[in-house]
Amino acid sequence: MGCGSHFELTKGERNVPCRRRRRASSRRKGKKAAATSGASNNNNGVEHEAFLETAIALAAAEKRTLDKAAAAEKAKTSIAGSKCKHGYDPSPIEARFCNNFMAKFMDAVNSARKRLDNEHNLAEAFDNIFGKPCPKGAKEIATIERAASFCLSVGTQNLLDGDYDCARQNASMGCFFLDIVPTVMLGTKENIDWPKVMELKYADLRTLISFYRKRTHHCSCLDKMYKEVKSMKKMGICYNPECGLPNRKAERSTMLHCTQCRCENYCSRECQAADWPRHREGCVETAEATERVKKIVKIAT
């Protein structure tokens, strides 16, 4: 082999640079594909996050809309009282029973009014329905308690509807029923609060709203109305039929009551003296009955 001669490469040796070039090219293609794939994945991730943000924003907007609709419905219900039962939610059978009893009682009241133009027509109507002496069983007590709850529930709705005359009538009857059980049936209270029963028939709005609000449990329907009238003065009714005050009403804190029977209120001593001829007989009977009840209660306790 002379100095001018050259080496002859084998086929395998000649292909080495080609293989290297192919491998390098393959690596470059792999990196490029990986970069392209990474960019695609990044784009997909960004799009997914944007989709989630949009979905969350739409859900939040829908929730706000639903909350606003629920608040409006609640306010509407509070004003109209169409869903709240105002502390009394009877079964259909019980509601029908209460309606029938109240219809019967109101017929008796209207009949008694033809003879008695005062609050005692309620007592006469009660006697006409239950008889004398009044039965004192659990059934009769439950009937009166249901009637009281019925009057309070319906009267509260009357207030919300702006029907103040019916609200006064139901308040007066409800107060009467609430006092019947402890006085007539159980004998644990001295006497029916007749001044309160009569006062509610002609009550001012503050007295009326306050009466219902204290007795309709777990019901806040009257809270707004009470805030509007709580600054008003409470008014009472003078029992003297000839009282010269407008509607016989005087500020309650200034009124006097009969110290013997404690059942009639007056705006002044003059009105009390003027009404004594009418009040005398009933006053003595009521005072004697009250003393008898006191003795019964004392023995029972």
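Analyst: Buried means under 20% relative accessible area, exposed over 50%, and partly exposed in between (1.4 Å probe, protein chains only). This is a predicted model, in which local features need pLDDT of at least 70, side-chain atom pairs count only at pLDDT 80 or more, and totals for chains, interfaces and linings use all residues. Residues are numbered from 1 along each chain as its sequence is written, and side-chain values use heavy atoms, with hydrogens and water left out.

User: Why is Arg 248 called partly exposed?

Analyst: Arg 248 has 23% relative accessibility, so it counts as partly exposed. Arg 248 lies in the loop between β1 and β2; strands (E, at least two residues) and helices (H or I, at least four) are DSSP runs, numbered from the N terminus.

User: Why does Asn 247 count as exposed?

Analyst: Asn 247 is at 64% relative accessibility and therefore counts as exposed. Asn 247 also belongs to the loop between β1 and β2.

User: What makes α6 oblique to α8?

Analyst: Helix α6 (residues 164-185) and helix α8 (residues 205-215) pack at an angle of about 50°, with axes 11 Å apart. Axes are lines fitted to C-alpha atoms, for helices over the stretch in contact, and angles run from 0 to 180 degrees between N-to-C directions. Under 35 degrees is roughly parallel, over 145 roughly antiparallel, 65 to 115 roughly perpendicular and the rest oblique, so α6 is oblique to α8.

User: Which residues of α6 and α8 make the contact?

Analyst: Contact means heavy atoms within 4.5 Å. Among those in contact are Tyr 164, Ala 167 and Arg 168 of α6, and Leu 205, Leu 208 and Phe 211 of α8.

User: Why are α7 and α8 called oblique to each other?

Analyst: The angle between α7 and α8 is about 120°, and their axes are 9 Å apart; α7 and α8 are therefore oblique to each other. Lys 196, Glu 199 and Leu 200 in α7 meet Thr 207, Leu 208 and Phe 211 in α8.

User: Which residues of α8 are buried, and what covers them?

Analyst: The buried residues in α8 are Arg 206, Thr 207, Leu 208, Ile 209, Ser 210, Phe 211 and Tyr 212. Their cover includes α5 (138-160), α6, α7 (194-201), α9 (223-229) and β1 (235-237).
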